Amino acid sequence: MLLAMELLCETHNDVKSLITELELPVCDWDEKWIDVYLDNSVKLLDMCIAFSSELSRLNQAHLLLQCFLHNLDSGSSCQFVRARSSLDGWRQHITVKNPRLENSYSILENLQKILNLPKIKNSAKGKVLMRCMYGVKVMTLFICSIFATAFSGSPKYLLELNVPESFLWSQAFTDLQTNVTREVKNMFSSGRTTIVKEVEAVDTCVKKLYPMITDGVGPVETEEFKICTSDLGERARKFAQGLDILIKQVDGFFQILLSGRDALLCNLRASSAISDDPMRDNVEPQL
């Protein structure tokens, strides 16, 4: 997931660089291009907000793990009661569905419906830009659908994207999509409730530890308990490490989308101001 979000950020930054290199001023853009870009970007911003919400929820779940480990080290007579309460909190927290993710499905569907390659006439640069942006939209939709599937624990978020054969990368993408979709569906059909391996690793460890702790009494001296506790600490550390990076990456993607929208709107206002300037055509050249 980290590599996928990193790729997404790099690709969207590359598109911004391509627009600059093409030297295609906003005033030459078709109004439809602008409308589609602004509409797509606001939907992706909403998607980022939903993802950030889920990452925040997972971060809260990690705090419960930290409380569990802290309670075991505290030496308090109530440590097992508190520790079990923390594990109870994790189990409940991790199974509750995030309502903000429900909106992701409609966002993905809407973006898929308007996924098409605009017909461009009399603009070679425009054709290059639109073909590039089409590819980026396909990649963005594909990755976001996988993220939504991973966070929600439901394969219903998986999309089937059909890329025209006129694109050289069409078959490669179709093969990738088929393989990833099959793998994800196999994970869910095998009984897994999440495809996020760090979450699954922690949850597996929690399920082993939970029966070992009773209200007020626990096998703290047993070797198995010590091994499981140590294992949980290591898995929780890796979980937190990956979570921190992903939170920053999603926020970075959000900022890339936001800055792209701001830049386009600023250019539109500047172009409008120039075209509306009554003195623009009456200015005499000066030495």
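The legends below accompany close-up views of a predicted model.

Residues are numbered from 1 along each chain as its sequence is written, and side-chain values use heavy atoms, with hydrogens and water left out. Because the model is predicted, local features need pLDDT of at least 70 and side-chain atom pairs count only at pLDDT 80 or more, whereas totals for chains, interfaces and linings use all residues.

**View 1. The elements of the protein.** The protein has eight helices and zero strands, where helices (H or I, at least four residues) and strands (E, at least two) are DSSP runs numbered from the N terminus. From the N terminus on, the order of elements reads α-α-α-α-α-α-α-α. Of the 287 residues, 40% count as buried; buried means under 20% relative accessible area, exposed over 50%, and partly exposed in between (1.4 Å probe, protein chains only). Among contacts between residues at least 6 apart in sequence, 78% join residues at least 24 apart, contact meaning heavy atoms within 4.5 Å.

View 2. Helix 7, spanning residues 197–209, has 13 residues and reaches 19 Å from its first C-alpha to its last, close to the 18 Å expected at 1.5 Å a residue, the expected span being 1.5 Å times one less than the number of residues. Its buried residues are V199, V202, D203, C205, V206 and L209. Seen down the axis of helix 7, these residues fall within an arc of 160°, so they line one face of the helix; the arc is that of the directions from the helix axis to the C-beta atoms. On the other side of helix 7, K197 and K207 are exposed.

**View 3. The packing of helix 3 against helix 7.** Helix 3 (residues 79–95) packs with helix 7 at an angle of about 135°, their axes lying 11 Å apart; axes are lines fitted to C-alpha atoms, for helices over the stretch in contact, and angles run from 0 to 180 degrees between N-to-C directions. The two helices are therefore oblique to each other, since angles under 35 degrees count as roughly parallel, over 145 as roughly antiparallel, 65 to 115 as roughly perpendicular and the rest as oblique. L87, W90, R91 and I94 in helix 3 meet V199, V202, D203, V206 and L209 in helix 7.

View 4. D203, found in helix 7, counts as buried at 14% relative accessibility, and it touches W90 and I94 when residues up to four places away in sequence are not counted. S86, which lies in helix 3, counts as buried at 8% relative accessibility; leaving aside neighbours within four places in sequence, S86 is in contact with L64, C67, F68 and N71.
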